[in-house]
Amino acid sequence: MLKFLLSKLAGMAMVLALVAVIVFVLTRAASGDPVSVLLGDQATAADVARVKVQYGLDKPLPVQFGYWLRQLAHGNLGDSIFLQRPVTQALAERAEPTTLLALMAVAIAAAIGIPCGILSAVFRGRLLDQVVTGVAMLGASIPSFWLGLVLIQCFAVSLGWFPVSGYGAPDAPLAERLHALVLPAAVLGLLNSALIIRFTRASMLDILGEDYVRTARSKGLAERSVVLKHALRNALVPIVTVLGLTVALMIGGAVVTETVFGLPGVGNLVVGAVLRRDYPVIQGALLVIAGIYVLINFAVDLLYAVVDPRVKA
């Protein structure tokens, strides 16, 4: 187990190091100058040069990268050029809506995807299977912004059940904020349930064809017991994998949904930073998202041994 943990931690460190290099290079390769955007068109060349010196942007790229790595080694993601505060603080302020949105969306996706995938596998080739498969293909094809606008029109504008956008006032209770997240979570949950349906169906079909499942049926066990106790438990490894990837995907990829619903999450923060060429925010946010990805993958690897005793770390 110790060897397994050390190898995983080493792999995570290598991935994050590679991500740091790629993010730094790509942000600097993008066109535009954050200082010019910050100061505006009326700034003189002397003003631009002074601010570049202030933020270390006048140094060669290898030197800038070295400074950034030194900050990362001390747990510092740097200071935002436009927000005038640490990137860590800016991310912490935007973390709550993104985290709650991701958790709610994954709960909706799992509640829809796993049962539908099981039913589709059990009734393979029948009308129910065809309907579920067709809906899953449709869900994977619908753009998130379109579905978001449709839900806003139906449930926010026409029925008035949910707010059109926003996340409530800063002092709003948690219940009000969760209420504001229902529609965006439904958008992400419905769309991502399509992937979970397909994975669950494929995994269940593989297991339902195994000899021990046929043996359980031949012993007269109820079909529900065969499906849920014998088949589902042994099909959980790929299902847990896709659930973990879905959580990571929602945390890092809810930019469009947050924009449509006007949520003050990490996605909106990154979009604003890209438009303003705020290098420290872009680098810090992407590195944190990459860290969340590798941590979730690590947690999924540890869960394999829990959901399936045959898997040994």
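At what angle do helix α6 and α9 pack, and how far apart are their axes? I looked this up in a predicted model. Helix α6 covers residues 127–141, and it packs against α9 at an angle of about 135°, with the axes 7 Å apart. Angles over 145 degrees would count as roughly antiparallel and those from 65 to 115 as roughly perpendicular, and α6 and α9 are therefore oblique to each other. I noted that α6 passes α9 in a left-handed crossing. On the α6 side, the contact is made by D129, V132, T133, A136, G139 and A140. On the α9 side I listed L191, A194, I197, R198 and R201. Sorted by class, this contact has 6 nonpolar, 2 polar and 3 charged residues.

Next I turned to α7 and α9. Helix α7 spans residues 144–158 and helix α9 spans residues 182–208. Their axes come within 10 Å and cross at roughly 135°, so α7 and α9 are oblique to each other. I recorded a right-handed crossing where α7 passes α9. From α7, the residues S144, L147, G148, L151, I152, F155 and A156 meet L183, A186, V187, L190 and L191 of α9.

Last, I checked the domains. The chain is divided into domain 1 (1–87) and domain 2 (91–311). Taken over C-alpha atoms, the domain centres are separated by 32 Å. The contact takes 28 residues from domain 1 and 22 residues from domain 2. Between them, the two domains bury about 2,300 Å², 73% of it on carbon and sulfur atoms.

Conventions: Residues numbered from 1 in each chain as written. Predicted model: local features only at pLDDT ≥ 70, side-chain atom pairs only at ≥ 80, totals over all residues. Heavy atoms only, no water. Axes fitted to C-alpha atoms, helices over the stretch in contact; angles between N-to-C directions. Helix = DSSP H or I, 4+ residues; strand = E, 2+ residues; numbered from the N terminus. Parallel < 35°, antiparallel > 145°, perpendicular 65-115°, else oblique. Left-handed = near helix turned anticlockwise from the far one by under 90°. Contact = heavy atoms within 4.5 Å. Domains from an automatic or database assignment. Buried area = accessible area lost by both parts, 1.4 Å probe. Nonpolar A, V, L, I, M, F, W, Y, C, P; charged D, E, K, R; others polar.
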